[in-house]
Amino acid sequence: MYICYIDESGTADVPGTSSHFVLAGLSIPIEHWRDADREISQVLAKYGLENDELHTAWMTRKYLEQSKITGFAGMDWAARRAACQKERTRHLLALQKAQKAKAYRQAKKNYRHSEAYIHLTLDERLAALSAVADAVASWGSARLFAECIDKTHFDPVRTGRAVDEQALEQVVSRYQQFLSSTEKNGTGTGKPLGLLVHDNNESVAKKHTELMRHFHSKGTLWTTIDNIIETPLFVDSSLTRMVQIADLCSYALRRFVENGETDLFKKVFTRADSVKGKTVSIRHFAGYTCQCAICVSHR
Ligand SMILES: [Zn+2]
């Protein structure tokens, strides 16, 4: 039995605020879950984050107030945290005094999302993410599935689906193909089954549940769904570590296809499934001329 943890990066709206929408699923055999979870906790403990959510996009931001604190990098964690909180409070009070309500709300939201990480410098936060990606890269039985859609190449009339629907259909189809090839090649007994675990998002939950029911009864455009059971289970990503790892994977893929950033990408991309040297589990939907590492390995 396999669990595939799903998360997305970028907006599915056209045009939205990102050029790409990425849906990624990281599959691990259930018997490896405990070791994998423990390994990530050990990595994060070195950065004081073992009890906190791993949220890649918030961790990779620059926190301006840190740069205002003299000698920040030389302080211990408690001193950094105290200095940072002080700087943040000062900033919020100034915004309040200036009656900048919108900026105040935005700053407050940003501070809440990044609060767990303020004792770390940007370099340390990036090192933590890199170490997590190294751990994922070392999981030989893990497989990464993803659809990375360049929305400028996307034609909903031709595909007959919205951006996020196509992404789910592709990820589900490739996960199914992986499970069925595991069944054919496997020496184990019984049929390998897969389950999807998804970040809970009300607008997506209903749509994806209905779409998955449709795939179960009619198949996808590419395959019948014999090995994936149930509709996706929706969980609170702030509490479920492996969905946070899927978030890191989808973030790494999007930053690669949008900006050519390779640091996290080249680590997690090693978990792609390949058949006869060709990557089959991750696709960049961007037209035939794209020469990126995903497209080249997919052909
Ligand atoms: Zn490409």
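Biologist: Does Asp164 count as buried or exposed?

Modeller: This is a predicted model, in which local features need pLDDT of at least 70 and side-chain atom pairs count only at pLDDT 80 or more, while totals for chains, interfaces and linings use all residues. Residues are numbered from 1 along each chain as its sequence is written, and side-chain values use heavy atoms, with hydrogens and water left out. Relative accessible area under 20% is called buried, over 50% exposed, and in between partly exposed (1.4 Å probe, protein chains only). The relative accessibility of Asp164 is 10%, so this residue counts as buried.

Biologist: With which residue does the side chain of Asp164 meet in a salt bridge?

Modeller: A salt bridge here is a side-chain nitrogen of Lys or Arg within 4 Å of a carboxyl oxygen of Asp or Glu. At 3.1 Å, N to O, the partner of Asp164 is Lys207.

Biologist: How many residues apart are Asp164 and Lys207?

Modeller: Helices (H or I, at least four residues) and strands (E, at least two) are DSSP runs, numbered from the N terminus. Lys207 is partly exposed because its relative accessibility is 31%. The salt bridge between Asp164 and Lys207 has an N to O distance of 3.1 Å. It links distant parts of the chain, with Asp164 in helix H8 (residues 163–185), Lys207 in helix H9 (residues 202–218), and a separation of 43 residues.

Biologist: Asp134 forms a salt bridge with Lys267; which helices does the pair tie together?

Modeller: The closest N and O atoms of Asp134 and Lys267 are 2.9 Å apart. Asp134 and Lys267 sit in parts that are 133 residues apart in sequence, so the pair ties together helix H6 (residues 122–137) and helix H11 (residues 265–268).

Biologist: Where do Arg254 and Glu258 lie?

Modeller: Arg254 and Glu258 form a salt bridge whose closest N and O atoms are 2.9 Å apart. Arg254 is buried at 14% relative accessible area, whereas Glu258 is partly exposed at 24%. The two residues are 4 residues apart, about one turn of the helix, and both lie in helix H10 (residues 241–259).

Biologist: How many salt bridges does the rule count?

Modeller: Some of them share partners, and in this way Glu147, Arg174 and Arg283 are joined into one network. The count of salt bridges comes to 14.

Biologist: Which residues coordinate the zinc ion?

Modeller: Donors are N, O and S atoms within 2.8 Å of the metal (3.2 Å for Na, K and Ca); water is not among the atoms, so sites may look incomplete. The donor residues are spaced H-x5-C-x1-C-x2-C in sequence. At 2.1 to 2.3 Å, the coordinating residues are His284 (ND1), Cys290 (SG), Cys292 (SG) and Cys295 (SG).

Biologist: What is the arrangement of the donor atoms around the zinc ion?

Modeller: Four donors count as tetrahedral if all angles lie between 85 and 135 degrees; four count as square planar and six as octahedral if opposite donors are over 155 degrees apart and all others between 65 and 115; anything else is irregular. For four tetrahedral donors the ideal angle is 109.5 degrees. The 4 donor atoms around the zinc ion subtend angles of 103 to 115°, which makes the arrangement tetrahedral.

Biologist: Over how many bridges do strands S2 and S3 pair?

Modeller: Within this pair, His20 stands opposite Asp150 in S3. Strand S2 (residues 20–29) and strand S3 (residues 143–150) are antiparallel, and the number of bridges is 8.

Biologist: Which peptide bond is cis?

Modeller: Most peptide bonds are trans. Pro15 is in the loop between S1 and S2. With omega about 0°, the cis bond is the one joining Val14 and Pro15.

Key: Pairing = 2+ DSSP bridges.
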